[in-house]
Structures are given as structure tokens and as C-alpha cells.
Amino acid sequence: MSKTKKKKLVAHDLDGCMCDWDGAMKRDLTAMLLPGEASLPPILDPNVPEYRDRCEIIKGRPGWWLNLVPLASGFKLYELVKEIGFKSQVLTKGPRRFPMAWAEKVQWCAAHMPGVGVNIVMNKELFNADVLIDDFPPYNMKWLDRHPNGLVIMPDRPWNQWWNHQRAFRYRDGVEEPADFQLVKAVLEAKFNE
Ligand SMILES: [Mg+2]
């Protein structure tokens, strides 16, 4: 009797992976700087008290989530996993206080990743996949704990420099780092063929 091979699945984070949340937030916060505030810190934590209220206003603007700009590096990985044979699903956190963002995330995916399944969740670690692509270490840590055979691909970002893990592979996009792409490709192929 032949065994049917289970489809292998990749979960793609949106903000910071497929779309430029940080760039949009910095652009809009810069427009709201107060007299005496020279510029934003290079690594923006939207939860620090100085910026939290303004970040909340920005996140509640109609169309803000829908108009986030796609990131080439995310789409390069999206194409790569498809080419290898993985199935893709979007796995993104739904902000509790902004239900409109949930709707706009669905619309964003329809516009930029037509046909892909969209999973908007509060706890990413509860989602089963073979590979998680995510830029945020706390989500990666929790997901890896729950998925002892899982693999993480982490797009290289200023806010995730502090974290590494045996089963997490950093992806520096851009032509200057083709070695990262080759490594990521090799680990994904090995995972697919397991
Ligand atoms: Mg993210």
C-alpha cells in the first residue's frame, strides 16, 4: 500500500515579512513629531509610552493596513517555497483593539497574494506548519517550542538582531547577501524532502 505524503506547509507572517509595517509606522509617526522631538529612534518600539498613543491613532486609520507596501524579500521567499513545492498560508496576528485591521489584512492578501489561505490569529504558536517565516523573535520562540520539528526563516531586521536559534535561519535580502538565499533555499529543500 502506498503511503500518501502529507503536504508540507509554510506559514508567512505579514507585517515585517510580506509588508512594510515599520516603514509605514515611521513615516506616519514622523509626520506627528512634536516640537522638540528631533527624530524617531532607529528601532521603534510602538509600545513605549512616548509613542504608544500616536501609534494607536495611526493603527486605527481606515486604509492604513490595506495600504501597507509589499516587501520584495517576503515575495522572494513566497516564490521560493512555491517553487520547492510547499503550500503557503498567511499567518498574521490580529490586533485585538483594531477589528478593522483584520478585514484589511484579508483585503491586502486578496490584492497581493491572491488564492492564499489567510489565518488571522491571536496566538501564532497554535498554528501547525512545517516552516514559519516571521521577523519577530517572541513569536518565533513560542512557535519553535510548540513545534519541535519546525523550522523558522527569519528576515533580517534591525529589531531581531539579538536573537538566534538552532532551528531559525536568518535571511538577509538584497544582492549583497546571495549566500543567505542559498542557505535558506538548501534548508527549505531539505525540510521539504524529509
Ligand atoms: Mg511580523
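**Entry 1: strand S1 and its partners**

I looked up Val 10 and found that its bridge partner in S2 is Ser 88. The model I am reading is a predicted one. Strand S1 covers residues 9-12 and is joined to S2 by 4 bridges, with the two strands running parallel. I then checked S4, residues 131-133, and found that S1 pairs with this strand too, over 3 bridges and again in the parallel sense. The bridge partner of Ala 11 in S4 is Leu 132. I noted a general rule beside this: in a regular strand the side chains alternate between the two faces of the sheet.

**Entry 2: what surrounds Val 10**

Which residues does Val 10 contact, leaving aside its neighbours within four places in sequence? I listed Val 81, Phe 86, Ser 88, Ala 129, Asp 130, Val 131 and Ile 133. Val 10 also came up when I looked at the largest nonpolar core, which has 33 residues. Val 10, Cys 19, Val 131, Leu 132, Ile 133 and Ile 153 are the members that touch the most other members. Strand S5, residues 151-155, gives the most to this core, with 4 residues.

**Entry 3: helix H4**

I moved on to H4, which runs over residues 99-112 and has 14 residues. From its first C-alpha to its last it reaches 20 Å, close to the 20 Å expected at 1.5 Å a residue. Which residues of H4 are buried? They are Ala 101, Lys 105, Trp 108 and Cys 109. Seen down the axis of H4, the buried residues fall within an arc of 95°, so they line one face of the helix.

**Entry 4: Gln 107**

I picked out Gln 107, which is found in H4. Gln 107 is partly exposed because 13 other C-beta atoms lie within 10 Å, and the exposed class ends at 12 or fewer. I also checked Gln 107 against Trp 65: they are 42 residues apart along the chain, and their C-alpha atoms are separated by 9.2 Å.

**Entry 5: domains**

Last, I looked up how the chain is divided: domain 1 is 9-20 + 70-192, and domain 2 is 22-59. Their C-alpha centres lie 25 Å apart. The contact takes 7 residues from domain 1 and 6 residues from domain 2.

Conventions. Residues are numbered from 1 along each chain as its sequence is written. This is a predicted model: local features need pLDDT of at least 70, side-chain atom pairs count only at pLDDT 80 or more; totals for chains, interfaces and linings use all residues. The expected span of a helix is 1.5 Å times one less than its number of residues. A residue is buried if 20 or more other C-beta atoms lie within 10 Å of its own, exposed if 12 or fewer, and partly exposed in between; C-beta atoms are placed from the backbone. The arc is that of the directions from the helix axis to the C-beta atoms. A nonpolar core is a set of buried Ala, Val, Leu, Ile, Met, Phe, Trp, Tyr and Cys residues joined through C-beta atoms within 7 Å. Two residues are in contact if their C-beta atoms, placed from the backbone, lie within 7 Å. Two strands pair if DSSP finds at least two bridges between them. Domain bounds come from an automatic or database domain assignment.
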